[in-house]
Amino acid sequence: MSTGRNAIYRRKVNSPLLAYKSDVTSQCGEDGIIEHVCKVIEPANRYCIEFGAWDGKHFSNCYNLLANAGWEGLMIEANTEKYAQLEVTYAGNPRVKTLNRYVDLEGANTLDNILTEAGAPTEPGVLSIDIDGNDYHVFESLNEHHPELVIVEFNPTVPNDVIFVQEPSFEVNHGCSLLALIMLGREKGYELAVATYWNAFLVRKDKFPRLKITDNSISALYAPVQDG
């Protein structure tokens, strides 16, 4: 192991769901964990949502569900060039709806409003939030839809005992700490099930007991990066 100044160390965690890590198009093993969690919690609606979807495949947490598991879903992308690629990715899949929209924190383009317009179920199986900044605030703004599994990006450089949330601005890309997400999740009826390098998996409390996780404290499930 390198002992240089910029080496990254991670202490061991006792997170049973990490054993299911595998990637189809996800970046840090999320695909395998999503597949296992959904098998256990059995979502009422096999419907997933992803925004900031790019081409619908690159580092996507929903592509495997949509392309290989028969799920329905909504893929949202604001960039017109990326959206054109997104349309191509799902051109032959009638179970997938694509939207060229920008998710905002208020007004007509809130996530709740967009989901309602798109006809998404109020209890979708999976919601993936990965927008490199305002992830916390978008999750906080969601009040009319209640996904069974929410995957939210956090800032992995923030220590486990720090509550940090960037200002609600799309001009800032500092994100939030895992602890802040855990606290918000509990307020909204979710429990932390596992965390990959920078994604928190929050399972709705009514389904969480099915996972039989005996200790979901932040120290048991995640060790933040540290500069050596």
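1. Which residues have the most contacts inside the largest nonpolar core? They are L111, F139 and L178, in a core of 35 residues. A nonpolar core here is a set of buried Ala, Val, Leu, Ile, Met, Phe, Trp, Tyr and Cys residues joined through side-chain atoms within 4.5 Å. Buried means under 20% relative accessible area, exposed over 50%, and partly exposed in between (1.4 Å probe, protein chains only). Helix α6 (residues 178-187) gives the most to this core, with six residues. Apart from this core lies another, of 28 residues, with C38, I41, M75 and V194 among them.

2. A word on the basis. The model is predicted: local features need pLDDT of at least 70, side-chain atom pairs count only at pLDDT 80 or more, and totals for chains, interfaces and linings use all residues. Residues are numbered from 1 along each chain as its sequence is written, and side-chain values use heavy atoms, with hydrogens and water left out.

3. Look at L111 next. Leaving aside residues up to four places away in sequence, L111 touches F51, I76, V103, D104, L127, V138 and L142. Contact means heavy atoms within 4.5 Å.

4. Now the strands. Helices (H or I, at least four residues) and strands (E, at least two) are DSSP runs, numbered from the N terminus. Strand β3 (residues 72-76) pairs with β4 in the parallel sense, over four bridges; pairing requires that DSSP finds at least two bridges between the strands. G73 stands opposite V96 in β4. In a regular strand the side chains alternate between the two faces of the sheet. Strand β4 (residues 96-99) has V96 and T98 on its covered face, and K97 and L99 on its uncovered one.

5. Cysteines deserve a check. The whole structure holds zero disulfides, a disulfide being a pair of cysteine sulfur atoms within 2.5 Å. C48 is in no disulfide either; the nearest cysteine sulfur, that of C62, is 3.8 Å away. C28 counts as buried, at 15% relative accessibility, and C48 is buried at 0%.

6. Two backbone angles stand apart. Most residues other than glycine have a negative phi. E42 is not a glycine, yet its phi is positive, about 50°. E42 sits in the loop between α1 (30-41) and β2 (47-51) and is exposed, at 54% relative accessibility. K212, also not a glycine, has a positive phi of about 55°. K212 lies in the loop between β8 (199-204) and α7 (218-221) and is exposed, at 70%.
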